[in-house]
Amino acid sequence: MASNLPGSVRQFGVALRALLVFTAVLGIVYPLVMTGAAQALFHGNANGSIVKVDGKDVASDLIGQAYTMDSGKKDSDGEAIMVADPKWFQTRPSASAYDGAASGGSNLGPNNADLIAAIDERRKAVAELEGVDPSQVPPDAVTASASGLDPSISPAYAALQVNRVARERNLPVATVQKLVKDATQGRTLGFLGEPAVNVVKLNNALAALG
């Protein structure tokens with residue numbers, strides 16, 4: 001028996017049923033399946049790659065941190081001037097102070113006078129901290145990543161810091177070198193990108209030594 005409903009009403013009914021089905025499948029079932037799979041297969045990654053110390057959340061190994069201490073001096077606004085803490089491995093500079101809510105680079109070009117001055121100042125500071133000639137300071141020690149949140153540095157920059165960290169913590173150089181090796185990540189899929197040392201993981205392992 002043919003339906004007496006107008007064609008437009010029947011089309012509306014079909015569209016409504018399709019909307020409900022796809023809402024249930026794509027808006028409820030699919031997200032639940034993907035969330036469950038992520039929790040089961042990649043639990044740490046799915047929860048933000050959180051670093052725990054004594055059972056407490058202290059950081060994410062996806063976001064860098066500034067390892068600094070109070071210099072005892074104040075700026076023109078009366079705020080404490082923070083300097084690199086020699087007991088820790090240092091990350092690369094950040095244009096956003098590693099603020100996850102304000103990620104991004106400085107957007108300054110390579111010929112910008114302010115950027116050139118900042119790089120020169122950073123190179124001198126790193127060279128003084130490590131006790132080396134400025135020419136030995138790697139590029140990533142004086143330049144920020146595009147996101148300003150990158151927790152990793154080059155193996156060359158990590159190696160430059162080994163002697164200082166070992167000396168400040170009274171640890172054998174070989175022990176610190178092993179920590180660096182353990183925190184070094186190879187190229188993605190064996191050929192993409194460059195090897196890098198995750199400083200958050202490295203300093204967490206350093207802290208575990210006491």
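Which residues of the largest nonpolar core touch the most other members?

A: A word on the model comes first. This is a predicted model. Its chain has an average pLDDT of 87. A score of at least 70 is reached by 90% of the residues. Confidence is highest in α4, where the mean is 97. Confidence is lowest in helix α2, residues 43–46, with a mean of 65. Where pLDDT is low, the predicted coordinates should not be read in detail.

Now the core. The largest nonpolar core has 25 residues. F89, V180, V197 and L202 are the members that touch the most others. Four helices each supply at least two residues of this core: α3 (113–130), α4 (155–169), α5 (173–182) and α6 (199–208). The biggest contribution comes from α4, which gives six residues. As a general background, nonpolar side chains tend to be buried together in soluble globular proteins.

Take V197 next. This residue lies in strand β7. V197 has a relative accessible area of 0%, so it is buried. A144 sits 53 residues from V197 along the chain, and the two C-alpha atoms are separated by 15 Å.

From L202, look along α6. The buried residues in this helix are V199, V200, L202, N203 and L206. They lie on the same side of α6, because they cover an arc of only 160° around the axis. The N-terminal end of α6 is capped by N198. A side-chain oxygen of N198 lies 3.1 Å from the backbone nitrogen of V200. After α6 comes G210, with a positive phi near 90°.

Strand β7 covers residues 196–198 and pairs with β5 in the antiparallel sense, over two bridges. In this pairing, N198 of β7 is the bridge partner of S152. The open sheet has three strands in the order β5-β7-β6, with antiparallel pairing. Its edge strands are β5 (152–153) and β6 (184–185), and each pairs on one side only.

Strand β3, residues 68–74, pairs with strand β4, residues 80–84. The pairing is antiparallel and runs over four bridges. M69 has V83 of β4 as its bridge partner. The hairpin of β3 and β4 has five residues between the strands, and G78 takes a positive phi there, near 85°. K74 lies in β3. At a relative accessible area of 58%, K74 is exposed. Beyond its neighbours within four places, K74 is in contact with E79, A80 and I81.

Now the loops. S145 is placed in the loop between α3 and β5. With a relative accessible area of 11%, S145 is buried. Its side chain reaches the backbone nitrogen of G148 at 3.1 Å. Neighbours within four places aside, S145 is in contact with R92, P93, G105 and D150.

Two further loop residues deserve a look for their backbone angles. Most residues other than glycine have a negative phi. Y98, in the loop between β4 and α3, has a positive phi near 60°. N170, in the loop between α4 and α5, has a positive phi of about 55°. Y98 counts as buried, at 10% relative accessibility. N170 counts as exposed, at 70%.

Key
Residues are numbered from 1 along each chain as its sequence is written. This is a predicted model: local features need pLDDT of at least 70, side-chain atom pairs count only at pLDDT 80 or more; totals for chains, interfaces and linings use all residues. Side-chain values use heavy atoms; hydrogens and water are left out. A nonpolar core is a set of buried Ala, Val, Leu, Ile, Met, Phe, Trp, Tyr and Cys residues joined through side-chain atoms within 4.5 Å. Buried means under 20% relative accessible area, exposed over 50%, partly exposed in between (1.4 Å probe, protein chains only). The arc is that of the directions from the helix axis to the C-beta atoms. A polar contact is a pair of N or O atoms within 3.5 Å; within protein, one must be able to donate a hydrogen and the other to accept it, and residues adjacent in sequence count only if both atoms are side-chain atoms. pLDDT is the predictor's confidence in each residue, from 0 to 100. Two strands pair if DSSP finds at least two bridges between them. Contact means heavy atoms within 4.5 Å.
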